[in-house]
Amino acid sequence: MDTLSQRDCGSIAYGRPTAEEAEAAVRTLIRWAGDDPDREGLLETPGRVARAYRELFGGYDIAPEEVLAKTFGDVGGYSDMVLVKSIPFFSHCEHHMVPFKGQAHIAYIPNERVLGLSKIARLVDIFARRLQTQEAMTAQIASALTEFLKPRGVAVLLDAEHMCMAMRGVQKQGATTVTTAFKGDFEMSAALQSRFFLLARS
Ligand SMILES: [Zn+2]
């Protein structure tokens with residue numbers, strides 16, 4: 001199995017086209033949709049879309065270990081669950097390149113070291129700003145925390161609405177998908193999982 005670090009260098013591994021090439025591709029998609037990329041309202045659109053993509057998919061340019069490198073050891077003996085909940089995120093499904101959005105609830109049980117709390121939200125962004133499935137994103141967050149923080153346990157719950165389901169196909173608006181991943185102590189303990197659900201949903 002490839003390691004997380006190998007998987008994470010997408011942009012380096014696959015090479016990135018020039019901005020001009022990206023803009024030409026957007027012009028093609030505009031024509032594919034049925035419109036004229038040369039009409040006034042659309043002239044600047046390919047450039048805007050190309051620039052927006054750099055931001056929306058900026059997660060390929062940051063490795064999770066950069067965010068998780070700085071930890072703190074002085075926690076006054078704290079050893080219970082740390083839960084950061086209701087972290088909003090936006091991502092794009094890798095099947096249709098259409099957005100999905102939702103909230104992440106992430107807990108870990110420290111093993112002497114803790115993370116700055118904002119780092120957890122940044123970690124979510126790194127993986128959200130890539131082409132994703134919700135299942136893979138859930139697993140990647142759990143694996144990155146396990147690999148780089150080495151806590152006693154990790155729990156991740158994502159709750160998201162997929163626009164590809166709301167806008168096309170079966171058109172079920174408001175339906176959300178929940179995915180979970182448990183590592184370490186959480187894997188073995190139904191009691192810990194229950195506490196996580198209770199705190200995350202309260
Ligand atoms: Zn989709």
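Q: Leaving aside its neighbours within four places in sequence, which residues is Q193 in contact with?
A: Q193 contacts F182, F186 and E187 once those neighbours are set aside. Contact here means heavy atoms within 4.5 Å.

Q: How do you know how far to trust a model like this?
A: This is a predicted model, where local features need pLDDT of at least 70 and side-chain atom pairs count only at pLDDT 80 or more, while totals for chains, interfaces and linings use all residues. Residues are numbered from 1 along each chain as its sequence is written, and side-chain values use heavy atoms, with hydrogens and water left out.

Q: Why is Q193 called buried?
A: Its relative accessibility is 19%. Buried means under 20% relative accessible area, exposed means over 50%, and partly exposed is in between (1.4 Å probe, protein chains only). With 19%, Q193 therefore counts as buried. It sits in helix α10, residues 190-201.

Q: Why does H162 count as buried?
A: The relative accessibility of H162 is 12%, so it goes in the buried class. H162 is part of strand β6 and, neighbours within four places aside, contacts P99, F100, Q134 and T177. Over the whole protein, buried residues make up 40% of the 202 residues.

Q: Is K150 buried or exposed, and why?
A: K150 is at 55% relative accessibility, so it counts as exposed. You'll find K150 in the loop between α7 (134-149) and β6 (153-162). Its phi is near 50°, a positive value in a residue other than glycine.

Q: What makes the phi of M97 stand out?
A: M97 has a positive phi, about 55°, although it is not a glycine. M97 lies in the loop between β2 (82-93) and β3. At 41% relative accessibility, M97 is classed as partly exposed.

Q: Why is N111 called partly exposed?
A: The relative accessible area of N111 is 38%, so it is partly exposed. N111 is in the loop between β3 (99-109) and β4 (114-115). Not counting residues up to four places away in sequence, N111 touches K150, P151 and R152. As for K70, 41 residues apart from N111 along the chain, the C-alpha atoms of the two are separated by 14 Å.

Q: What makes something a pocket here, and what is the volume of the largest pocket?
A: On a 1 Å grid over the protein atoms alone, a pocket is an open set of points with protein on both sides within 12 Å along at least five of seven lines, and lining residues have an atom within 4 Å of a point. The largest pocket has a volume of about 700 Å³. Its lining has 23 residues, with P17, A22, Y53, R54 and F57 nearest the centre.

Q: Which helix supplies the largest share of the lining of the largest pocket?
A: That's α3, with eight residues. α2 (10-14), α3 (19-33) and α4 (45-56) each supply at least two residues of the lining.

Q: How far does the C-alpha trace of the protein span along its principal axes?
A: It spans about 65 × 35 × 30 Å. Among contacts between residues at least 6 apart in sequence, 68% join residues at least 24 apart.

How values were computed. 1 Å grid on protein atoms, 1.4 Å probe; cavity = no way out; pocket = protein on both sides within 12 Å on 5 of 7 lines; lining within 4 Å. Points joined across faces, edges and corners; volume = space filled by probe spheres on them. Helix = DSSP H or I, 4+ residues; strand = E, 2+ residues; numbered from the N terminus.
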